[in-house]
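Below is a short report on one protein chain. The sequence and the model come before the text.

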Amino acid sequence: MLKKLVFVICALVIGIKANASEVKKLPEVNKTSELMKISEIKKLPEVNKTSELMKIIDERASARAYSNKAISDETLSEILWSAFGVNSHNTRTIPTAMNEQNLKVFVVYNNSIWQYDGMVNILVKVSEEDIMDYIAKQDFVRNAPLNLIYTGSDKNFSTFHAGAAAQNVSLYATSKGLKSIVRGYINKDELKDKLRLDRDEFVIINQVIGYPEI
């Protein structure tokens, strides 16, 4: 009995040693890299949000509930100018890569589709076809009075152009008590056809704009 007990203990010790031999000690962490140097962290001053622009940036938010209150033509004009108009020093209101200025802004408004021409600040009617089924995959979209559709032809930079335009519109909308949201949940293939885009052009995003639901 004693011999068996000694044998069991020896076996356990050997097993522990065998398992211990599988333990791998990792090297000491190199704390000399820039990311690992805690002393490199810099605490920034509190953001001063008292200016009008900073207040607007702070208040901007995406909305998913809208009133069907109409947007005036004057407000529509300012929205579209913010998106892709021509400013007082004769350049676009957004930057474009290599100054291509090849963004297109389509407006779904008052049961019609329009294309915005920012050079002369006009809307050119494209169609009176109802395309909301291709835009409104979420119910709240149908209640909003205005939808913008951004399109482009540059696979490298058009999304950047659309993002700049959408951000300008979002900030303008916030300043006027309007709400907005940028969406990619749309039928881009059908919209390309309905907007009569050229072969090399494509739909990028949709922006919904309207007054908040009361």
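The model is predicted: local features need pLDDT of at least 70, side-chain atom pairs count only at pLDDT 80 or more, and totals for chains, interfaces and linings use all residues. Residues are numbered from 1 along each chain as its sequence is written, and side-chain values use heavy atoms, without hydrogens and water.

The chain has 7 helices and 6 strands, taken as DSSP runs (helices H or I, at least four residues; strands E, at least two) numbered from the N terminus. Their order from the N terminus is α-α-α-β-β-β-α-α-β-α-β-α-β.

| Property of the chain | Value |
|---|---|
| Residues that count as buried (under 20% relative accessible area) | 37% of 214 residues |

Among contacts (heavy atoms within 4.5 Å) between residues at least 6 apart in sequence, 71% join residues at least 24 apart.

Helices α3 (residues 73-84) and α6 (residues 158-175) have axes that come within 7 Å and cross at roughly 145°; axes are lines fitted to C-alpha atoms over the stretch in contact, with angles from 0 to 180 degrees between N-to-C directions. Thr75, Glu78, Ile79, Ser82 and Ala83 of α3 meet Ala165, Asn168, Val169 and Tyr172 of α6.

Met119 lies in the loop between β2 (112-117) and β3 (122-127). Met119 is exposed (over 50%), because its relative accessible area is 52%.

Key. Buried < 20%, exposed > 50% of the residue type's maximum accessible area, 1.4 Å probe, protein only.
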